[in-house]
Amino acid sequence: MLVSATEMLKKAKAGHYAVGQFNINNLEWTKAVLLTAQACNSPVILGVSEGAGKYMGGYKAIVGMVNGMLEGLSITVPVALHLDHGSYDGCMACIEAGFSSIMFDGSHYPIEENVEKTKELVKIVKAKNMSIEAEVGSIGGEEDGVIGKGEVADPKECKLVADLGIDFLAAGIGNIHGKYPDNWEGLSFEALDAIQKETGDMPLVLHGGTGIPEDQIKKAIDLGVAKINVNTECQLTFTAATRKYFEAGKDLEGKGFDPRKVLAPGSQAIQDTVKEKMELFGSVGKA
(Lines give C-alpha, C1' and ligand atoms only; values in the text may rest on other atoms or scores of the structure.)
Protein backbone atom coordinates (compact mmCIF):
# COMPACT_ATOMS: atom_id res chain seq x y z
CA MET A 1 0.00 0.00 0.00
CA LEU A 2 1.04 3.59 -0.52
CA VAL A 3 2.73 5.36 2.38
CA SER A 4 3.52 8.98 3.13
CA ALA A 5 7.09 10.07 2.50
CA THR A 6 7.59 11.38 6.04
CA GLU A 7 9.30 8.41 7.70
CA MET A 8 11.41 7.42 4.70
CA LEU A 9 12.84 10.94 4.48
CA LYS A 10 13.45 11.27 8.22
CA LYS A 11 15.35 8.00 8.03
CA ALA A 12 17.26 9.19 4.96
CA LYS A 13 18.39 12.44 6.55
CA ALA A 14 19.50 10.66 9.71
CA GLY A 15 21.35 8.07 7.62
CA HIS A 16 22.96 10.61 5.25
CA TYR A 17 21.45 9.29 2.03
CA ALA A 18 18.62 10.50 -0.19
CA VAL A 19 15.44 8.94 -1.52
CA GLY A 20 14.84 9.43 -5.22
CA GLN A 21 11.66 10.94 -6.60
CA PHE A 22 11.19 9.74 -10.15
CA ASN A 23 8.40 11.40 -12.10
CA ILE A 24 6.08 9.05 -13.96
CA ASN A 25 4.33 9.73 -17.25
CA ASN A 26 2.73 6.41 -18.23
CA LEU A 27 2.30 2.78 -17.25
CA GLU A 28 5.71 1.73 -18.58
CA TRP A 29 7.57 4.39 -16.58
CA THR A 30 5.66 3.51 -13.42
CA LYS A 31 6.34 -0.19 -13.77
CA ALA A 32 10.02 0.43 -14.51
CA VAL A 33 10.51 2.57 -11.41
CA LEU A 34 8.65 0.18 -9.12
CA LEU A 35 10.50 -2.91 -10.36
CA THR A 36 13.85 -1.17 -9.92
CA ALA A 37 13.00 0.00 -6.41
CA GLN A 38 12.02 -3.54 -5.46
CA ALA A 39 15.19 -5.01 -6.99
CA CYS A 40 17.33 -2.43 -5.19
CA ASN A 41 15.37 -2.78 -1.93
CA SER A 42 15.05 1.00 -1.95
CA PRO A 43 12.23 3.28 -0.83
CA VAL A 44 10.94 5.40 -3.70
CA ILE A 45 8.70 8.38 -4.43
CA LEU A 46 6.63 8.45 -7.60
CA GLY A 47 6.26 12.07 -8.69
CA VAL A 48 3.30 13.28 -10.74
CA SER A 49 3.13 16.76 -12.22
CA GLU A 50 -0.23 18.35 -12.88
CA GLY A 51 0.43 18.05 -16.60
CA ALA A 52 1.22 14.35 -16.31
CA GLY A 53 -1.92 13.92 -14.22
CA LYS A 54 -4.05 15.24 -17.07
CA TYR A 55 -2.14 13.17 -19.63
CA MET A 56 -2.70 9.93 -17.73
CA GLY A 57 -6.43 10.43 -17.35
CA GLY A 58 -6.65 12.15 -13.99
CA TYR A 59 -5.39 11.62 -10.48
CA LYS A 60 -7.85 8.86 -9.60
CA ALA A 61 -6.71 6.87 -12.63
CA ILE A 62 -3.10 7.21 -11.48
CA VAL A 63 -3.92 6.09 -7.94
CA GLY A 64 -5.73 3.06 -9.32
CA MET A 65 -2.86 2.17 -11.63
CA VAL A 66 -0.19 2.51 -8.94
CA ASN A 67 -2.17 0.59 -6.30
CA GLY A 68 -2.85 -2.14 -8.84
CA MET A 69 0.85 -2.43 -9.65
CA LEU A 70 1.87 -2.54 -6.00
CA GLU A 71 -0.29 -5.62 -5.62
CA GLY A 72 0.24 -7.17 -9.05
CA LEU A 73 4.03 -6.80 -8.99
CA SER A 74 4.31 -7.78 -5.30
CA ILE A 75 6.05 -4.53 -4.38
CA THR A 76 7.05 -4.54 -0.70
CA VAL A 77 9.38 -1.51 -0.49
CA PRO A 78 7.92 1.79 0.78
CA VAL A 79 6.29 3.74 -2.07
CA ALA A 80 4.86 7.26 -1.86
CA LEU A 81 2.71 8.79 -4.61
CA HIS A 82 3.50 12.50 -4.62
CA LEU A 83 2.11 15.53 -6.45
CA ASP A 84 5.02 17.54 -7.86
CA HIS A 85 4.85 21.36 -7.93
CA GLY A 86 1.17 21.39 -7.12
CA SER A 87 -1.14 24.37 -7.14
CA TYR A 88 -3.54 24.76 -4.22
CA ASP A 89 -6.39 23.30 -6.28
CA GLY A 90 -4.15 20.53 -7.58
CA CYS A 91 -3.22 19.60 -4.03
CA MET A 92 -6.86 19.42 -3.02
CA ALA A 93 -7.64 17.20 -6.02
CA CYS A 94 -4.81 14.79 -5.15
CA ILE A 95 -5.88 14.64 -1.52
CA GLU A 96 -9.35 13.64 -2.70
CA ALA A 97 -7.99 11.12 -5.22
CA GLY A 98 -5.92 9.18 -2.68
CA PHE A 99 -2.34 10.34 -3.15
CA SER A 100 -0.13 9.71 -0.12
CA SER A 101 1.90 12.91 -0.43
CA ILE A 102 1.67 16.37 -2.00
CA MET A 103 3.90 19.30 -2.80
CA PHE A 104 2.41 22.75 -2.61
CA ASP A 105 4.51 25.12 -4.67
CA GLY A 106 3.72 28.54 -3.29
CA SER A 107 7.13 29.96 -4.18
CA HIS A 108 5.65 32.35 -6.76
CA TYR A 109 3.44 33.98 -4.11
CA PRO A 110 4.57 36.65 -1.65
CA ILE A 111 5.93 34.84 1.40
CA GLU A 112 2.87 35.79 3.47
CA GLU A 113 0.51 34.11 1.00
CA ASN A 114 2.81 31.12 0.63
CA VAL A 115 2.71 30.71 4.42
CA GLU A 116 -1.06 31.07 4.65
CA LYS A 117 -1.86 28.54 1.91
CA THR A 118 0.75 26.09 3.16
CA LYS A 119 -0.67 26.32 6.67
CA GLU A 120 -4.17 25.49 5.40
CA LEU A 121 -2.93 22.42 3.51
CA VAL A 122 -0.88 21.18 6.46
CA LYS A 123 -4.04 20.95 8.57
CA ILE A 124 -5.80 18.93 5.90
CA VAL A 125 -3.04 16.43 5.16
CA LYS A 126 -2.18 15.79 8.79
CA ALA A 127 -5.74 14.57 9.37
CA LYS A 128 -5.23 12.06 6.55
CA ASN A 129 -1.72 10.85 7.49
CA MET A 130 -0.27 12.28 4.28
CA SER A 131 3.03 14.11 3.87
CA ILE A 132 3.47 17.60 2.48
CA GLU A 133 6.38 19.38 0.83
CA ALA A 134 6.60 23.15 0.49
CA GLU A 135 8.91 25.40 -1.51
CA VAL A 136 10.80 28.60 -0.80
CA GLY A 137 12.87 30.31 -3.47
CA SER A 138 11.74 29.03 -6.86
CA ILE A 139 13.61 26.36 -8.83
CA GLY A 140 14.98 27.72 -12.09
CA GLY A 141 14.04 26.60 -15.58
CA GLU A 142 10.81 25.06 -16.86
CA GLU A 143 9.27 21.67 -16.21
CA ASP A 144 5.86 20.72 -17.56
CA GLY A 145 4.73 24.33 -17.77
CA VAL A 146 6.03 25.31 -14.32
CA ILE A 147 8.55 28.13 -14.72
CA GLY A 148 10.92 29.39 -12.04
CA LYS A 149 13.53 32.12 -12.13
CA GLY A 150 15.84 30.21 -9.82
CA GLU A 151 16.01 32.50 -6.80
CA VAL A 152 18.18 31.32 -3.92
CA ALA A 153 15.96 30.85 -0.88
CA ASP A 154 16.15 33.11 2.15
CA PRO A 155 17.12 30.90 5.14
CA LYS A 156 14.83 32.90 7.47
CA GLU A 157 11.87 32.35 5.15
CA CYS A 158 12.77 28.67 4.99
CA LYS A 159 12.52 28.44 8.77
CA LEU A 160 9.21 30.29 8.72
CA VAL A 161 7.72 27.74 6.31
CA ALA A 162 9.42 24.75 7.95
CA ASP A 163 7.85 25.66 11.28
CA LEU A 164 4.34 25.37 9.80
CA GLY A 165 4.36 21.61 10.24
CA ILE A 166 5.42 20.54 6.75
CA ASP A 167 7.37 17.28 6.38
CA PHE A 168 10.10 18.33 3.93
CA LEU A 169 11.19 21.51 2.24
CA ALA A 170 12.33 22.37 -1.29
CA ALA A 171 14.65 25.37 -1.14
CA GLY A 172 16.15 27.01 -4.21
CA ILE A 173 19.95 26.84 -4.07
CA GLY A 174 20.81 27.51 -7.70
CA ASN A 175 19.30 24.28 -9.05
CA ILE A 176 17.15 24.30 -12.18
CA HIS A 177 14.76 22.03 -14.05
CA GLY A 178 15.72 20.59 -17.41
CA LYS A 179 19.23 20.63 -18.86
CA TYR A 180 21.84 22.73 -17.09
CA PRO A 181 23.54 25.36 -19.29
CA ASP A 182 27.30 25.31 -19.81
CA ASN A 183 27.66 28.51 -17.77
CA TRP A 184 25.78 27.15 -14.74
CA GLU A 185 27.54 28.25 -11.58
CA GLY A 186 26.69 25.16 -9.56
CA LEU A 187 24.79 24.69 -6.31
CA SER A 188 25.14 27.29 -3.57
CA PHE A 189 26.38 25.21 -0.66
CA GLU A 190 26.72 28.34 1.44
CA ALA A 191 22.96 28.85 1.10
CA LEU A 192 22.22 25.16 1.71
CA ASP A 193 24.33 25.14 4.87
CA ALA A 194 22.58 28.26 6.15
CA ILE A 195 19.15 26.77 5.38
CA GLN A 196 19.93 23.54 7.21
CA LYS A 197 21.13 25.47 10.26
CA GLU A 198 17.79 27.32 10.33
CA THR A 199 15.57 24.28 9.68
CA GLY A 200 17.34 21.71 11.84
CA ASP A 201 16.14 18.14 11.31
CA MET A 202 13.81 19.07 8.45
CA PRO A 203 14.60 16.88 5.39
CA LEU A 204 15.51 19.11 2.46
CA VAL A 205 14.66 18.49 -1.19
CA LEU A 206 16.83 19.00 -4.26
CA HIS A 207 14.81 19.53 -7.42
CA GLY A 208 16.43 19.37 -10.86
CA GLY A 209 18.58 16.34 -10.06
CA THR A 210 19.47 15.72 -13.70
CA GLY A 211 22.89 17.04 -14.70
CA ILE A 212 24.21 17.96 -11.26
CA PRO A 213 27.74 16.55 -10.89
CA GLU A 214 28.06 13.56 -8.58
CA ASP A 215 30.34 15.34 -6.14
CA GLN A 216 27.78 18.12 -5.72
CA ILE A 217 24.99 15.57 -5.23
CA LYS A 218 26.97 13.89 -2.45
CA LYS A 219 27.84 17.18 -0.79
CA ALA A 220 24.19 18.24 -0.88
CA ILE A 221 23.23 15.01 0.87
CA ASP A 222 25.88 15.66 3.52
CA LEU A 223 24.27 19.08 4.09
CA GLY A 224 20.76 17.76 4.73
CA VAL A 225 19.22 16.89 1.35
CA ALA A 226 17.15 13.73 1.81
CA LYS A 227 15.05 13.74 -1.38
CA ILE A 228 16.31 14.27 -4.93
CA ASN A 229 13.99 14.68 -7.90
CA VAL A 230 14.84 13.14 -11.27
CA ASN A 231 12.69 13.66 -14.34
CA THR A 232 14.59 15.05 -17.32
CA GLU A 233 17.16 12.24 -17.36
CA CYS A 234 14.42 9.61 -17.51
CA GLN A 235 12.76 11.52 -20.34
CA LEU A 236 16.03 11.70 -22.27
CA THR A 237 16.98 8.05 -21.83
CA PHE A 238 13.46 6.78 -22.61
CA THR A 239 13.27 8.87 -25.78
CA ALA A 240 16.77 7.93 -26.94
CA ALA A 241 16.16 4.20 -26.48
CA THR A 242 12.80 4.37 -28.25
CA ARG A 243 14.28 6.37 -31.14
CA LYS A 244 17.10 3.84 -31.50
CA TYR A 245 14.53 1.05 -31.72
CA PHE A 246 12.74 2.76 -34.58
CA GLU A 247 15.94 3.64 -36.37
CA ALA A 248 16.88 -0.05 -36.31
CA GLY A 249 13.70 -0.72 -38.33
CA LYS A 250 12.42 -3.41 -36.00
CA ASP A 251 8.81 -4.54 -36.28
CA LEU A 252 8.26 -2.14 -39.16
CA GLU A 253 8.42 -4.60 -42.08
CA GLY A 254 4.86 -5.88 -42.00
CA LYS A 255 5.66 -8.74 -39.64
CA GLY A 256 3.65 -7.35 -36.75
CA PHE A 257 3.75 -4.22 -34.65
CA ASP A 258 3.67 -4.82 -30.91
CA PRO A 259 3.71 -1.64 -28.76
CA ARG A 260 4.99 -3.68 -25.86
CA LYS A 261 8.13 -4.42 -27.87
CA VAL A 262 8.42 -0.83 -29.05
CA LEU A 263 8.36 0.52 -25.50
CA ALA A 264 10.52 -2.21 -23.94
CA PRO A 265 13.91 -0.54 -24.71
CA GLY A 266 12.69 2.74 -23.20
CA SER A 267 11.44 0.95 -20.11
CA GLN A 268 14.79 -0.80 -19.69
CA ALA A 269 16.58 2.53 -20.09
CA ILE A 270 14.50 4.00 -17.25
CA GLN A 271 15.29 1.00 -15.03
CA ASP A 272 19.01 1.48 -15.71
CA THR A 273 18.77 5.21 -14.96
CA VAL A 274 16.80 4.72 -11.74
CA LYS A 275 19.21 2.04 -10.51
CA GLU A 276 22.17 4.31 -11.21
CA LYS A 277 20.56 7.18 -9.30
CA MET A 278 19.58 5.01 -6.33
CA GLU A 279 23.18 3.84 -6.06
CA LEU A 280 24.43 7.44 -6.24
CA PHE A 281 21.90 8.65 -3.66
CA GLY A 282 22.80 5.78 -1.30
CA SER A 283 19.24 4.45 -0.93
CA VAL A 284 19.95 0.90 -2.12
CA GLY A 285 19.15 -1.58 0.65
CA LYS A 286 17.50 1.07 2.82
CA ALA A 287 13.86 -0.04 2.45
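A residue is termed buried when its relative accessible area is under 20%, exposed when that area is over 50%, and partly exposed in between, with a 1.4 Å probe and protein chains only. By this criterion, 54% of the 287 residues of the protein chain count as buried. The structure is a predicted model, in which local features need pLDDT of at least 70 and side-chain atom pairs count only at pLDDT 80 or more, whereas totals for chains, interfaces and linings use all residues. Residues are numbered from 1 along each chain as its sequence is written, and side-chain values use heavy atoms, with hydrogens and water left out.

The protein chain contains 11 helices and 10 strands; helices (H or I, at least four residues) and strands (E, at least two) are DSSP runs, numbered from the N terminus. Its radius of gyration is 18 Å, close to the 19 Å that the globule rule gives for 287 residues, so the chain is as compact as a globular protein of that length. Here the radius is taken over C-alpha atoms, and the globule rule is 2.2 Å times the number of residues to the power 0.38. The C-alpha trace spans about 65 × 45 × 35 Å along its principal axes. Among contacts (heavy atoms within 4.5 Å) with a separation of 6 or more, 71% are accounted for by residues 24 or more positions apart.

One such part of the chain is helix H9, which comprises residues 214-222 and in which Gln216, Ile217, Ala220 and Ile221 are buried. These residues cover an arc of only 140 degrees around the axis, which puts them on the same side of H9; the arc is that of the directions from the helix axis to the C-beta atoms. In general, an α-helix has 3.6 residues a turn, so residues three or four places apart point the same way. On the other side of H9, Asp215 and Asp222 are exposed. The cover over the buried residues of H9 includes helix H8 (189-199), strand E9 (204-206), strand E10 (225-230) and helix H11 (259-281). After H9 comes Gly224, with a positive phi near 110 degrees.

Val33 is buried, with a relative accessible area of 1%. Leaving aside neighbours within four places in sequence, Val33 is in contact with Phe22, Val44, Leu46, Ile270 and Val274. The C-alpha atoms of Val33 and Asp272 are separated by 9.6 Å, although these residues are 239 apart along the chain.
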